[in-house]
Amino acid sequence: MIAIEHLTRRFGDATAVDDISLVIPRRALCALIGPSGSGKSTTLRMINRLIEPSAGRVMFDGRDAATIPDLRLRIGYAIQSVGLFPHWTVARNIATVPALLGWPRARRDARVAELLALLELDPALARRYPHQLSGGQAQRVGVARALAAEPEALLMDEPFGALDPITRVGLQDELRRIHRRIGTTIVLVTHDMEEALRLADLIAVMRDGRILQAGAPADLLRAPVDDFVRDFVGGGEAGLRLLGLHAAGTLANPHVDADGDPVPAAATLREVLSALVARRADAVHVADADGRIIGAIRLHDIMNLAAQTDAS
Amino acid sequence: MRFIRIDPVLVTLLACAIASLLLLPVVTHAPNRLLSGRPVPLGDLAHGAVPLLRPAGLLLALSTLARANNRVILMLGGVAALAAIGGLLALAGATAAALVDPAQPGARVAIGWGMWGGLLACALIWTETVRRLVRAPALRTALGLLAFAPPAVLLANGSLSHLSLLEEYRARAETFDAAVLGHLRLVGLTLAFALPAGLALGLLAQRRAAWRAPVFGVLNVVQTIPSIALFGLLLVPLAGIGLGGIGTSPAVIALTLYALLPVARTTAAGLDGVQDDVRDASRGMGMTARQTFLHVDVPLALPTILTGIRITAVQTIGLAVVAALIGAGGLGAILFQGLFANALDVVMLAVIPVVVLAALADAGFAILAELAASAAGRIA
């Protein structure tokens, strides 16, 4: 658990982060989101003390971060520009923190192989140099490097911001998969609401150095505290984004029939709605991972769900 | 003719070689070292070396017709250039041996401007063909030095011993050896002071923005002072503090001041070239400032810094010649002696080792820089 307590950072007369508090539960994926200059990156960099707070503190499992000597060796760090060491091979880049921690050679090599597999990177890349990688590969290596020493938390500063949309979505799915598997607490800075909604369990919306609202994605969409949060989180399509938080499988009704190709159970209701509109249909089949039809979703089921969540 | 194209660079160099050899004196003969020599007519040149020169000349001519990517012809042209260097020098040596007359012990047979020009053009043809044939910079540099091989062989086997240059060497062998050592000592001392100081100044300028302008401002001004003037400027203050205004110490101080700029400049440039995000990542992953400097900054900046050290070494080898004017010795002492006596061969006796030393230093540091760059992974 990471607890941010009354954290403030001033640069000269300007206050970049202004007395913020936030509790990030163990194994959560928390997105800090806000426009440029809202203080989200400064907050992230105060968590691993790349920036010293002017006031307040960060607690890791009840222990003040300022008193943890090898703090940054225990927290993974990945940034938008990746910052791979150009003079080291991919393998040596990934093994940076294990090497600093003095792991024996064999253990480092084994960990590198494991991480290449986890991030679905070709083992042959281990011997390449960063300039020989594509943008997506470099960012995967950056994430692998951040995870190398099994950190207690992972901090990511717009890790996918510089990638093309297809690569970005692919890596977001990958991150979600990895997060589910290893369960490390992740704090992610982004300005992309779709990214935050796709990945995060907890979203903190920041503006002018303050947290305007923090909560589960659905709570932010349903009950924004003010117009800024409504606009920022909803972006004019709050309803659709809300549907995007639900998987088709949860709403599939086995007693309903439909025509046409089924949609996968893992698809979001937003995608189901899109399919219904595109097919001009009232209902669509839902199939599980093995391709078996587990039921169907009707347009008015989706509407009812929206009405329920509005009421709640 | 689509498959034969005249190579502009090689044909120009060959034309220079031929023009130089035909229009200027190739070998000169003087009754004594004070009189300027008269050109030896082409017909009186010793012809022992001509059989070697003829095919070399033909191959050279052929190489200028090569398309730029015809490796075999380029290779033959390069070998022909080396053969021409050896052949021309052998021709001079043989001519000197033929003209030597025990009745006239003071007579001098010297290499003329025409031959110096021809030798230089042939050496350039050699380095040019190497440049085109070899891609790896270190190998390229090392092969370029082979231009010194034919003269070295001829010197070793005594073929050149009757030439005026060698007569002058024999007349002052001990002085010459001492001058070479003295020159190396000046250069060595200068680098020993300038490298740590330049590295420190470069680091300071790169790390502290406020220091950048003053550091480089002062070093730039120093660089603009003519060397003789700087030696003069140092004379009085150094004499005042008891170091002596002439001799080794003012020379090393002046040479060090000149050497600081290229070392400091490339140190700062090399460190500037390390991207901020790489430093940020290394700190973010828990490297200490010291670890970041040693594992990230230094290896990434090293190739650039070594280039600066290479420039500095070559510059210092050349500048140290002037230090002879304030009594610091070195090869400059021989050079100025020849210059004031109007004895070209004595001047050459000093110039040739300076050129060789500079070329060796250049090649040595170029190879080091390349090794550092490939160790740094940028050349993969």
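Student: How many residues of chain B are in contact with chain A, and what makes a pair count as a contact?

Tutor: This is a predicted model, where local features need pLDDT of at least 70 and side-chain atom pairs pLDDT 80 or more, while totals for chains, interfaces and linings use all residues. Residues are numbered from 1 along each chain as its sequence is written, with chains lettered from A and ligands numbered from 1 in the order in which they are written. Two residues are in contact if their C-beta atoms, placed from the backbone, lie within 7 Å; by that test, 16 residues of chain B touch 18 residues of chain A.

Student: Which element gives the largest share of the chain B side?

Tutor: That is α12(B), with 6 residues. Both α12 (276–284) and α13 (289–319) of chain B give two or more residues. Helices here are DSSP runs of H or I with at least four residues, strands are E runs of at least two, and both are numbered from the N terminus.

Student: What makes residues on that side nonpolar, polar or charged?

Tutor: Ala, Val, Leu, Ile, Met, Phe, Trp, Tyr, Cys and Pro count as nonpolar, Asp, Glu, Lys and Arg as charged, and the others, Gly among them, as polar. The chain B side therefore divides into 9 nonpolar, 3 polar and 4 charged residues.

Student: Where are the domains of chain B, and how far apart are their centres?

Tutor: An automatic or database assignment sets the bounds, giving domain 1 (8–158) and domain 2 (173–375). Their C-alpha centres lie 33 Å apart. Across the boundary, 9 residues of domain 1 of chain B are in contact with 9 of domain 2 of chain B, and helix α5 (residues 137–144) of chain B supplies 5 residues of the domain 1 side, its largest share.

Student: Why are β11 and β13 of chain A said to stand at the edges?

Tutor: Strands pair if DSSP finds at least two bridges between them. The open sheet has the order β11-β12-β13 (chain A), with mixed pairing. β11 (263–264) and β13 (293–298) of chain A each have a single partner strand, so one side of each lacks a neighbour in the sheet.
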